[in-house]
Amino acid sequence: SSGINAEWPLRPGDGFIKVDKTYVLSFAEKSKAAGVKQFHMMSSQGANANSYFLYTQVKGEVDDKILGIGFERSVVYRPAVLLVKRQEGRMAEKAAQWVLGWADYSRGMSIPIKDVADSIVGSIFDDAAGIIDNRSIIAKAAALKVPAEEAAAEEVPAEKADAS
C-alpha cells in the first residue's frame, strides 16, 4: 500500500453531505423501520432541492426525502439564521449573527435558538405537519409564551402550599 487514502482528495462539501444528508436519512430510515411514528427535523430557510447552492440544495433534498418516507407525521422546521452562541469559531456566522441580531427587528432573516426550540417542543403535541417556515416558528413560539403576570398568578405562595 502506498499509504495514500483512496478517499482523498475530498471534494468541497463532502463532510457536510455525509453529516447533513447521509447520516440524517439513515437515521430517519432506521427510525421508520423501528416503528417511530413522528419525525421532527430542523432544516434551513431557503432549502430547495433545485438550488444552485450546495447548502440549500442538500437541505432541500433531505427535506423532500424525509417528508416522503412515510412517517405518520413528519415536520421539517426551516428557521432563518440562528441567533446562538457556539463554542466553535465560525467567523462568517458570528458576523451574520451580530448584524442580524442588531438590525433584523422583524426576524425575517434571523431567529433566537430558544424560539426554535420552543416551537419544536410545542409542535410535538399538536397536529403540525410538513414544512414550518421561519415566520410560523416565530408565531408558534410566541403563542407558547406565558406572560410573566400570568405565570406569577399561577404560582402558589410557599405558605399556602405548606398548609394543604
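Glu72 counts as exposed, at 65% relative accessibility; here buried means under 20% relative accessible area, exposed over 50%, and partly exposed in between, with a 1.4 Å probe and protein chains only. The model is predicted, so local features need pLDDT of at least 70 and side-chain atom pairs count only at pLDDT 80 or more, while totals for chains, interfaces and linings use all residues. Residues are numbered from 1 along each chain as its sequence is written, and side-chain values use heavy atoms, with hydrogens and water left out.

The side chain of Glu72 meets that of Lys37 in a salt bridge, at 3.9 Å from N to O. This pair links distant parts of the chain, 35 residues apart: Lys37 is in the loop between H1 and strand S1 (38-42), and Glu72 is in the loop between H2 and strand S2 (73-78). Helices (H or I, at least four residues) and strands (E, at least two) are DSSP runs, numbered from the N terminus. Lys37 itself is partly exposed, with a relative accessible area of 48%.

A salt bridge is defined as a side-chain nitrogen of Lys or Arg within 4 Å of a carboxyl oxygen of Asp or Glu. Side chains of opposite charge can pair when their charged atoms come close. By this rule, the count is eight salt bridges. One of them joins the side chains of Lys21 and Glu61, at 2.7 Å from N to O. Because Lys21 lies in helix H1 (residues 14-33) and Glu61 in helix H2 (residues 54-68), this pair ties together parts that are 40 residues apart in sequence. Lys21 counts as buried, at 19% relative accessibility.

Another salt bridge is formed by Lys140 and Asp126, whose closest N and O atoms are 2.4 Å apart. Lys140 belongs to helix H5 (residues 134-144) and Asp126 to the loop between helix H4 (113-124) and strand S5 (130-133), so the pair ties together parts 14 residues apart in sequence. Lys140 is partly exposed at 21% relative accessibility, and Asp126 is partly exposed at 27%. Both belong to a network of salt bridges that also links Arg73.

The discussion now turns to nonpolar residues. The largest nonpolar core has nine residues, among them Leu25, Phe39, Val58 and Ile66; such a core is a set of buried Ala, Val, Leu, Ile, Met, Phe, Trp, Tyr and Cys residues joined through side-chain atoms within 4.5 Å. H1, S1 and H2 each supply at least two residues of this core, and the largest share, three residues, comes from H2.
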